[in-house]
Amino acid sequence: MMKVATLVCASLIPGAWSKASSNSKPQVYPQRSNADSALLEWGHSAVIHAADAVVAEFGIQAAEQEFELGLEAAPIFAKPSQGCEPLRNRDDSMSQMVFMFRGACDFKTKAKHAVDAGAVALVVINHDQTRPDHAFSMTNPKASEGEDSESDESWSPQIPCVMVSWNSGQAILEDRPERLRLYPGGGRPFIESVSDESPVVFLIHNLLEPPEIDFLKRAAIDRLRPSVAEEDDAWVKMRSPPQRSFDTATLYLGMWRSPIHKAIDEKLFNIINFPQEYFADIQINRFTQGGRHGPHYDSDRQPSLYREKVMTVVYCLDDVAETDGGAMTFPKVPLEIRPSRGLAIVYHNTAEDGGLDPASLHGIEKLLNGTLWTATQQIYSTPLPLASRTVIPLVIMLAGGRPPRWMDSYRKWLMSRAGVDKGFELFNYSVIAAPVMLLGILVAGLLFLLCLFSR
């Protein structure tokens, strides 16, 4: 039977982040790393559920052997639920995984009562329902809860201590699994919440593996061309073309994608829950010293058949030092996301009403040193036309990886005559119809010859 994994923490609308004034200092991400990543799993061989957990700064760390080997135990919900007093169900908690809700006392007090009850691990559920997918690394009492502490700040519990989000905690409460497994996240993909307001932004750490990154670079290296703003092109119709200086190449593959491309799309699908027919082909960008991409939108205010880009995924294919620039910025928020190899930056282009989200304005700041490769993939609100997934990428591949001029000229001509949306629709229909008609003519010709020679 096929194994199905459900990632509780990886919801499409992740944890919250308070909006800041456009004049304030930008929030800088990523703030998490593999060192604080852990995973809670439960279920059976057919269906496995998983919840992202964040390792505390105190207690056994993810890299230590006691944690690294993982542990399995029954979930026991503390009484009282916030664990600020000695547990009344300490007998049930012995050698089990104790759950407590955040609040009312500091984190180490909770840990002390879990240790006193003989627990093998402490899981704190974040009580913030306004940020239901948010969890963070628990620190010392003063930094975390700001209340009087019964515990010695130098004391550290000798058990793993992690936090899960409100939604993850509720999923465990609803399922009531008999056993839970806790182990380090390591190099597995995990979600870092950035913003659940305007714009929705979250990060997926470790989404791409080194072989996948190297493959994307190799696939694009011979196709790279300087990027230009097609301000007079009906296909783009940009209201304010951004300043841009980088090389770019789109890997037009459609349904003819390689197994590596399909694996990347499958991983993304498992997290964002959009069908892969909605995924555009990947565009590879290479920034060298001085390269940048000024503030711009990925979508237009005018709805159309091809511009309904509800979401964008930017894959970072290189690490860039903090002092070398190259960060992705959202200036209206403000927000700054620094490149990290294998990281995926996911943001929504549209607001709840379906129109353009003005806060989704974004860009890549000037790269001061080195080289930065990125890959961009648009997610549409509807499936891509059949022609965009079949005939068009096949023609482009036969033409050497770049759209032939006649195809581009034909598309522009239809749009200029019939309008942007209708022209785009006619273009896709005709691209499908042309090979069908050609095949029909060839079959008819063969039948005619057979009839001619059979007499």
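This is a predicted model: local features need pLDDT of at least 70, side-chain atom pairs count only at pLDDT 80 or more; totals for chains, interfaces and linings use all residues.
Author: Residues are numbered from 1 along each chain as its sequence is written, and side-chain values use heavy atoms, leaving out hydrogens and water.

Reader: What percentage of the residues in the protein is buried?

Author: Buried means under 20% relative accessible area, exposed means over 50%, and partly exposed lies in between (1.4 Å probe, protein chains only). The protein has 455 residues, and the buried share of them is 51%.

Reader: How many helices and strands does the secondary structure come to?

Author: Both kinds of element are DSSP runs, numbered from the N terminus: helices are H or I with at least four residues, strands are E with at least two. With those rules, the count for this protein is 11 helices and 23 strands.

Reader: Which residues touch the most other members of the largest nonpolar core?

Author: A nonpolar core is a set of buried Ala, Val, Leu, Ile, Met, Phe, Trp, Tyr and Cys residues joined through side-chain atoms within 4.5 Å. The largest one here has 31 residues, and those touching the most other members are Ile204, Leu216, Leu268, Ile272, Tyr315 and Ile379.

Reader: Which elements give two or more residues to this core?

Author: Two kinds of element contribute in this way. The helices are helix 6 (210–221) and helix 7. The strands are strand 12 (201–205), strand 18 (309–316), strand 21 (344–348) and strand 23 (372–380).

Reader: How many residues are in the other core that lies apart from it?

Author: Trp42, Ile60, Ala62 and Phe99 are among the members of this other core. Its size in residues is 26.

Reader: Is Ile213 buried or exposed?

Author: Ile213 sits in helix 6. Not counting residues up to four places away in sequence, Ile213 touches Leu208, Leu317, Arg341 and Gly342. Because its relative accessibility is 1%, Ile213 counts as buried.

Reader: How far apart in space are Ile213 and Asp318, C-alpha to C-alpha?

Author: In sequence these two are 105 residues apart. In space, from C-alpha to C-alpha, the distance between Ile213 and Asp318 is 8.7 Å.

Reader: How many residues of strand 11 (residues 190–195) are buried?

Author: Strand 11 is largely enclosed by the rest of the structure. The reason lies in its count of buried residues, which is 6 of the 6.

Reader: What is the bridge partner of Phe190 in strand 12?

Author: Two strands pair if DSSP finds at least two bridges between them. Strand 11 and strand 12 pair in the antiparallel sense over 5 bridges, and a hairpin of 5 residues joins them. In strand 12, Phe190 has as its bridge partner His205.

Reader: What is omega for the cis peptide bond that joins Lys79 and Pro80?

Author: Pro80 belongs to the loop between strand 6 (75–77) and helix 2 (90–93). Another cis peptide bond runs from Val333 to Pro334, with omega near -10 degrees. For the bond joining Lys79 and Pro80, omega is about 5 degrees.

Reader: What is phi of Asn273 near?

Author: Most residues other than glycine have a negative phi. Asn273 lies in the loop between helix 7 and strand 16 (283–287), and a relative accessible area of 60% makes it exposed. Its phi is positive although the residue is not glycine, with a value near 65 degrees.

Conventions
Contact means heavy atoms within 4.5 Å.
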